[in-house]
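Open the structure in your viewer and keep the selection tool at hand. The stops below go from strands to salt bridges.

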Amino acid sequence: MNLIDSKGFFYNVYDIGNGRILKIEKPRIVQYLKHYFFAGRFPKEVKNLAKTSYKIIGSVIDQELIANPKKENGNSYSQDKVEILDNYIYTHTFEENKRIIDLYVNHILETWQNGFSDKIFNFTRNCGIDKNRKIVLVDFNEVTCDKKVVSDLIHKKRWLHAWSYTHWLSFTNKDLWKYYKKVMDSKITHENLEKFWKDSFVV
């Protein structure tokens, strides 16, 4: 079992060698400190984030959208191993990456059909492409099942304030940065929220 990522706020990530990864929860004090110093969050908010995300595992939500997680010991869980999108985008052509953006937008609409949504849109870091060439959300610690919250995110165009847009894409791929904004602005709308959203009753 090899450690492959320790930068996250909630988990250390290990490759367990069977096409799956294992996310082992960090001590609560480490979670609280990381969230406080890097995101300005207090323990109560951190607990609520963890509670919502853990309820999604094994629920009525289509588990393929979140890389087929399975609860393990404690609050740890395993998932399908995928290629994270920042790695994928960095090594592929503009046309191939446009396709990835299109798939990512479709993935967001699929999550709405399942009654949940990512809240921060850091897709280059928190999403990956699985063995079936589908986009999946691998880090779902900051999701909501509240349609009103999603509506507010759309109103604010939260994706234009995400690190993936303001820093990663803007510095690494200007053409894709422009394409991402165009597609997101045209598809992530109040009209599509009304069209696709279905309450999940998870939380």
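This tour of a predicted model goes through its strands and then its salt bridges.

Start with strands β6, β8 and β9, which in the order β6-β8-β9 make an open sheet with antiparallel pairing. The edge strands are β6 (83–84) and β9 (135–137), and each pairs on one side only. Next, select residues 127–129, strand β8, which pairs with β9 in the antiparallel sense over 3 bridges. Within this pair, C127 stands opposite L137 of β9.

Move to β1 (residues 2–5) and β2 (residues 11–15), which run antiparallel and are joined by 3 bridges. A hairpin of 5 residues leads from β1 to β2. Look for D5, which stands opposite V13 in β2.

Stay on D5 and show side chains. D5 forms a salt bridge with R125 (2.5 Å, N to O). The two residues are 120 residues apart, D5 in strand β1 and R125 in helix α5 (residues 123–126). D5 is buried at 17% relative accessible area, while R125 is partly exposed at 31%.

Then select K81 and D15, whose side chains meet in a salt bridge (2.6 Å, N to O). K81 lies in the loop between β5 (77–80) and β6, and D15 in strand β2, 66 residues apart. Is D15 buried or exposed? D15 counts as buried, because its relative accessibility is 18%, under the 20% cut-off.

Finish at K181 and D185, a salt bridge with its closest N and O atoms 2.8 Å apart. Salt bridges with shared partners join K157, K181 and D185 into one network.

Definitions and conventions:
Residues are numbered from 1 along each chain as its sequence is written. This is a predicted model: local features need pLDDT of at least 70, side-chain atom pairs count only at pLDDT 80 or more; totals for chains, interfaces and linings use all residues. Side-chain values use heavy atoms; hydrogens and water are left out. Two strands pair if DSSP finds at least two bridges between them. Helices (H or I, at least four residues) and strands (E, at least two) are DSSP runs, numbered from the N terminus. A salt bridge is a side-chain nitrogen of Lys or Arg within 4 Å of a carboxyl oxygen of Asp or Glu. Buried means under 20% relative accessible area, exposed over 50%, partly exposed in between (1.4 Å probe, protein chains only).
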